[in-house]
Structure formats: C-alpha cells, structure tokens
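Please open the model in your viewer and keep the selection panel at hand. The stops below are meant to be taken in order.

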Amino acid sequence: NNNNNNNNNNMMHRIRNNDVLCSTILRYIHHVGNQDYALVVSAYLLQHPNINLTRVDERVVASRDIVGIIRHRQGRFLAKTRRGTWKDIGDDLALRWVSRHLRRMVEEEEEEEEEEEEVEEEERVQ
C-alpha cells in the first residue's frame, strides 16, 4: 500500500507541458510551459502598452492577470523541492515570482537603453 502512495505522490509532481518551472536555472527556460509563459507575458504587454512595470501596483495587477491566464490553462507554477521533486508553489509565491520576472525585464530594458545612449554619445564625440 505504501508503494501505491509513492506512485500517487510522483504523479502529483510530474511536470506537464503547461507548467511553469520557477527556477533561475537556464535549462528550464526551454521547457514548453516556460516558453508558453514567455508568450503569455509578451502578449499581455502588447495588449497593455501603457502599463508602467516600474510601479509596484501596476506590476502586481499584471502579475495577477498573468498567473490567472496560466492557471486558466491548467498550468501550475512549480518549484523543485529539496528531495528533487516538483511542487506547485501556490498563487502567492507565483505572483511574487512573476512580479520579480517583470521587474527584471524592466531593469534589463533600462540597462540596454543606457548602453545605447553611451554608444550614441561615443559616436558624437568621435
């Protein structure tokens, strides 16, 4: 009977195509669920061109919407446990994870703009 429980447990932690793997490890971005998540984020931002992701309140609204879209598609936000299994992190942590991802996107965009400005300044000086 204990073996049957283990099988049920493993079934709960099996990764599905619509799951988002919440990790900073690069290989997980290639998972189909993470690729789909990236498309959801891109589509959301295209549909909301005036959103200001530097504002926490707007980022929270966007995160809530994005988590809702993924959940509506029966997707889960999974994190790896110490035992090496995957577990749904729940909506609160999923919101934090998405919000952090959106904040990083803004930071990377700002860095790219700064680099472009530096190149343009160097070109003017020469």
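The tour goes from the sheet to an aromatic pair and then to the helices.

This is a predicted model, in which local features need pLDDT of at least 70 and side-chain atom pairs count only at pLDDT 80 or more, while totals for chains, interfaces and linings use all residues. Residues are numbered from 1 along each chain as its sequence is written, and side-chain values use heavy atoms, with hydrogens and water left out.

Begin with the strands, which, like the helices, are DSSP runs numbered from the N terminus (helices are H or I with at least four residues, strands E with at least two). Three strands form an open sheet of mixed pairing in the order 1-2-3, and strand 1 and strand 3 are its edge strands, each pairing on one side only. Two strands are said to pair if DSSP finds at least two bridges between them.

Select residues 20-21 and 77-80: these are strand 1 and strand 2, which pair in the parallel sense over two bridges, with valine 20 opposite phenylalanine 77.

The structure holds three aromatic pairs (ring centres within 6.5 Å, using the six-membered ring of Trp; planes under 30 degrees apart are stacked, over 60 edge-to-face, the rest tilted). Tyrosine 28 and tryptophan 86 form an edge-to-face pair, 5.2 Å centre to centre with 90° between the planes. This pair links distant parts of the chain, 58 residues apart, since tyrosine 28 belongs to the loop between strand 1 and helix 2 (32-47) and tryptophan 86 to strand 3.

Now show helix 4, residues 90-125, which lies across strand 1, strand 2 and strand 3 and runs at about 85° to strand 2. Axes are lines fitted to C-alpha atoms, for helices over the stretch in contact, and angles run from 0 to 180 degrees between N-to-C directions.

Contact means heavy atoms within 4.5 Å, and the residues making it include Ala62, Ile66 and Val67 of helix 3 and Ala94, Leu95 and Val98 of helix 4.
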